[in-house]
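Here is a friendly note to read with the structure open beside you. Take the points one at a time, and find each residue in the viewer as you go.

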Amino acid sequence: MANKVSGKARTRKPAAGDLPPAPTTGLALDMLDDIVGYRLRRAQVVVYQDYVRTVGSMDIRPSQFAALTIIGANPGLSQTTLATTMGIDRSGAVILIDALEGKKLATRVPSPVDRRTYAIVLTELGQTTLARLKELVVEHDRRVTACLSDAEREQLNSLLLRLYLS
C-alpha cells in the first residue's frame, strides 16, 4: 500500500485491519489506517447519523438521551454526580439539565439530603419520552451493530469500556 509522507510516496506492508481507500474519494488515508481514534470517529459519525434518523423527530440529542437514562435510573441524583457519571464538566451538566428542563423532561428539586444542592428527577413527560426513546435506541443499536456477531458486539463494548476507564 503506497502512502504519502512529506510529499514522498512510501510503501508499507498492509496490516490485517487496513481499511480500503476512503470509499467516497478513493484517496489513501496514510497513517489514519492505523489510528484507533480516527476509526472510532468514523464509526461515531455512522452511529450518530443513524441515531438522528431514528430519533430525530423527537429532538433529543445523544447526550440528552444519556442524561435522561441516568436520571431515570437514579432519580434525585445531583448535577455533580450526573456530570461525573457522564464524564463531562459540571458546567456542561448544567447546560444539559437546562435543556431537559426547557423540554419539560426533567426538573430540579431541593435535595432531601443537602440543602445546598438540587436533586434531578424526570417529569411524567420525561418518563414517557424516555420509555419511547429506549425502544428506538435499542432498534438503532441493533441496526448499527448488525454486521457484528453477538460475541463481537460484546467484545467491542468491552474494549471500548477499557479505553474510557483507563
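1. Start with one pair of residues. The side chains of Q79 and R108 are joined by a polar contact of 2.5 Å. Please keep in mind that this is a predicted model, so treat the distance as a computed value, as the cut-offs on pLDDT remind us: side-chain atom pairs count only at pLDDT 80 or more.

2. Where does Q79 sit? Its place is in helix 3, which covers residues 79-86. Is Q79 buried or exposed? Its relative accessibility is 9%, and because buried means under 20%, Q79 counts as buried. Setting aside neighbours within four places in sequence, Q79 is in contact with R90, A93, V94, I97, R108, Y118 and I120.

3. Now follow R108 to the sheet. R108 stands opposite I120 in strand 5, and I120 is also among the contacts of Q79. Strand 4 (106-110) and strand 5 run antiparallel, with five bridges joining them. One place to look is A106, whose bridge partner in strand 5 is L122.

4. Strand 5 has another partner. Two bridges join it to strand 3, and this pair also runs antiparallel. Here S78 has A119 in strand 5 as its bridge partner. Put together, three strands make an open sheet in the order 3-5-4, with antiparallel pairing.

5. Next, look at helix 2 (residues 62-73). Helix 2 lies across strand 3 and strand 5, and runs at about 105° to strand 5. You can check its length yourself: twelve residues at 1.5 Å a residue should span 16 Å, and the end C-alpha atoms are 17 Å apart, which agrees.

6. Which residues of helix 2 are buried? They are Q64, F65, A67, L68, I70 and I71. An α-helix has 3.6 residues a turn, so residues three or four places apart point the same way. In this helix, the buried residues pack against helix 1 (36-55), strand 3 (77-78), helix 3, helix 4 (90-102), strand 5 (118-122) and helix 5 (124-144).

7. Not counting residues up to four places away in sequence, I71 touches L77, L82, L100, I120, V121 and L122.

8. In soluble globular proteins, nonpolar side chains tend to be buried together. The largest nonpolar core here has 21 residues, and I60, F65, L68, I71, L82, L100 and I120 touch the most other members. At least two residues of this core come from each of helix 1, helix 2, helix 4, strand 5 and helix 5. Helix 2 gives the largest share, five residues.

9. Finally, step back to the whole chain. Its secondary structure comes to six helices and five strands, which run β-β-α-α-β-α-α-β-β-α-α from the N terminus on. Of its 166 residues, 25% count as buried. Among contacts between residues at least 6 apart in sequence, 42% join residues at least 24 apart.

Notes. Residues are numbered from 1 along each chain as its sequence is written. This is a predicted model: local features need pLDDT of at least 70, side-chain atom pairs count only at pLDDT 80 or more; totals for chains, interfaces and linings use all residues. Side-chain values use heavy atoms; hydrogens and water are left out. Helices (H or I, at least four residues) and strands (E, at least two) are DSSP runs, numbered from the N terminus. Buried means under 20% relative accessible area, exposed over 50%, partly exposed in between (1.4 Å probe, protein chains only). A polar contact is a pair of N or O atoms within 3.5 Å; within protein, one must be able to donate a hydrogen and the other to accept it, and residues adjacent in sequence count only if both atoms are side-chain atoms. Contact means heavy atoms within 4.5 Å. The expected span of a helix is 1.5 Å times one less than its number of residues. Two strands pair if DSSP finds at least two bridges between them. Axes are lines fitted to C-alpha atoms, for helices over the stretch in contact, and angles run from 0 to 180 degrees between N-to-C directions. A nonpolar core is a set of buried Ala, Val, Leu, Ile, Met, Phe, Trp, Tyr and Cys residues joined through side-chain atoms within 4.5 Å.
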